[in-house]
Amino acid sequence: MEIALLRSTDLDPDVALVKRMASGDEEALRSLYAANGRRLLAYALRLTGSEAVAEEVLQDSLLAAWQGARHYRGEARAITWLLGIVHHQALNATRRKRLPLQDLDRAVLVADRDAGPEAGAEAGERRRALQGALAELSADHRSVLELVFYQGLSLAEAAEVCACPVGTIKSRLSYAKAHLRRALAGEGLRAEDMI
Amino acid sequence: MSCKFAELLPQYAAGTLDEASSRAVAGHLDSCLECREELALWRQVGAAIRAAHAADPMPSPALVGRALTRVRRARPSLAARAWALLVAQVPLVRREIWPASALVMAIGTLVAALLGDQRGWTVVQALAPIVAAAGLLGAGPRVVAVHRHGKRGERGLPPMVGARAGERPRRGPEYSRAGPGRSPASLRPGLAQPSPALRAGGGPRPCRGVVGRPAGAPHSHEGVSRRPARSHLALAYPSPDLFPPRGSRRTGCSSLWGSRHGG
């Protein structure tokens with residue numbers, strides 16, 4: 001009986017799109033954008049803090065993805081590869097434009113509005129406190145949280161996107177946790193209350 | 001927190017942990033209050049982050065169009081790509097064949113231009129290696145003897161016995177007997193001739209030879225590169241003599257491999 005060894009990327013439909021891009025298929029780039037554009041823009045927005053700059057970053061990233069498609073070997077998931085490009089382009093853009101570290105004020109306000117009446121007062125207060133604490137984190141720490149909790153990447157994949165060792169990702173998570181605990185304690189909230 | 005499961009909790013909260021690890025964490029949580037508290041914190045963090053994304057703007061469909069416009073603008077024209085490919089093949093193709101190669105490439109590029117950008121580029125990509133291969137075949141038996149005393153054999157130094165591309169060099173008797181004063185070129189018609197200056201000078205300085213051989217005594221230049229000219233494909237077939245077993249010592253043979261054995 002033959003046993004085929006499949007890599008996790010073998011089942012990723014986006015990998016086939018990247019391969020088509022490498023052979024010059026423009027439609028493949030459109031499909032890849034349709035499938036992942038929202039996630040990529042969200043990540044760019046979190047890193048740059050400006051919608052205009054995030055769109056610019058995304059456009060640069062699509063161009064870079066097109067040009068780099070023939071070097072993609074399918075070892076990582078296509079979304080990991082794309083997020084890595086966006087991460088790199090966003091850092092370049094913030095450096096080039098000398099943008100201040102992005103703030104999440106707008107996002108926080110939006111989240112408050114979207115919490116809805118069903119959310120209890122205490123839960124709302126806790127969420128506000130958490131979002132305030134998240135906004136105080138550095139871009140490096142916040143990007144790790146974004147990658148793990150919004151983009152759904154493993155720690156190894158987050159390390160690949162940020163181009164750093166997995167140990168660095170773990171230490172950033174640990175720092176973020178300590179910071180968030182302190183912030184909650186400052187608001188008179190305890191982690192035990194959340195269980 | 002010193003619990004070994006602590007570093008798995010963010011991924012467990014995000015739902016991205018693999019099945020086996022998830023089961024292990026779930027089993028552990030029953031008995032560890034500290035981990036339960038931490039998991040609750042990570043779940044709150046995840047919820048806060050996802051809530052903040054609820055009002056993210058949708059990416060504009062025009063954005064990918066703009067990116068593709070930049071892709072097309074950044075892409076070099078078919079002619080520029082064909083020219084770059086032609087230039088890249090130049091080191092492979094013998095100088096005498098350049099005009100013929102250039103003509104074939106020009107005709108190919110013209111045909112490719114008529115076919116359109118994408119299909120045309122495929123034609124050019126297929127054509128260029130064929131032109132290079134034809135150039136190599138046209139080179140025929142070529143002799144390149146790189147000697148430390150001078151330049152390539154074809155430019156004035158006594159050449160070594162030649163070999164076609166891909167053919168193993170022969171160690172014929174006429175070659176092994178060839179001394180400094182007797183160029184193998186005289187033994188094989190069609191081989192490059194030594195320069196007049198070299199002929200007048202009686203050939204290159206003799207090699208000092210291998211240990212055990214009298215200095216200056218003629219010996220074969222086994223191991224000297226024989227390859228088709230301008231080809232990066234077929235390098236020398238070094239004689240086993242050039243890489244003697246550990247312990248044996250060579251002195252002074254100043255051939256292409258001179259630096260390898262003390263030359």
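Tutor: Let's begin with chain A: of its 195 residues, 51% count as buried (under 20% relative accessible area, with exposed over 50% and partly exposed in between; 1.4 Å probe, protein chains only). This is a predicted model, in which local features need pLDDT of at least 70 and side-chain atom pairs pLDDT 80 or more, while totals for chains, interfaces and linings use all residues. Residues are numbered from 1 along each chain as written, chains are lettered from A and ligands numbered from 1 in written order, and side-chain values use heavy atoms, without hydrogens or water.

Chain A has nine helices and zero strands (DSSP runs numbered from the N terminus: H or I of at least four residues for helices, E of at least two for strands). Chain B also comes to nine helices and zero strands, and 43% of its 263 residues are buried. In chain B, 56% of the contacts with a separation of 6 or more join residues 24 or more positions apart (contact means heavy atoms within 4.5 Å). For chain A that share is 67%.

Now for the close look: helix α6 of chain B, residues 98-115. Its 18 residues should span 26 Å at 1.5 Å a residue, and its end C-alpha atoms are 25 Å apart, which agrees (the expected span is 1.5 Å times one less than the number of residues). The buried residues of α6(B) are B:Ser101, B:Met105, B:Gly108, B:Thr109 and B:Ala112. Seen down the axis of α6(B), these buried residues fall within an arc of 105°, so they line one face of the helix (the arc is that of the directions from the helix axis to the C-beta atoms). An α-helix has 3.6 residues a turn, so residues three or four places apart point the same way. On the other side of α6(B), the exposed residues are B:Pro99, B:Leu103, B:Leu110 and B:Leu114. Just after the helix comes B:Gly116, with a positive phi of about 110°.

The largest nonpolar core has 76 residues, among which A:Leu145, A:Ile169 and B:Val45 touch the most other members (a core is a set of buried Ala, Val, Leu, Ile, Met, Phe, Trp, Tyr and Cys residues joined through side-chain atoms within 4.5 Å). Helix α2 of chain A, residues 26-48, gives the most to this core, with 10 residues.

For contrast, look at helix α4 of chain A, residues 78-96. The helix reaches 27 Å from its first C-alpha to its last, close to the 27 Å expected, and 14 of its 19 residues are buried.

The two chains meet through 50 residues from chain A and 43 residues from chain B. About 4,400 Å² is buried between them, with carbon and sulfur atoms giving 65% (the accessible area, with a 1.4 Å probe, that two parts lose on being put together, summed over both). In chain A, A:Arg38, A:Gln59 and A:Phe149 lose the most area to chain B, together 17% of what that side buries.
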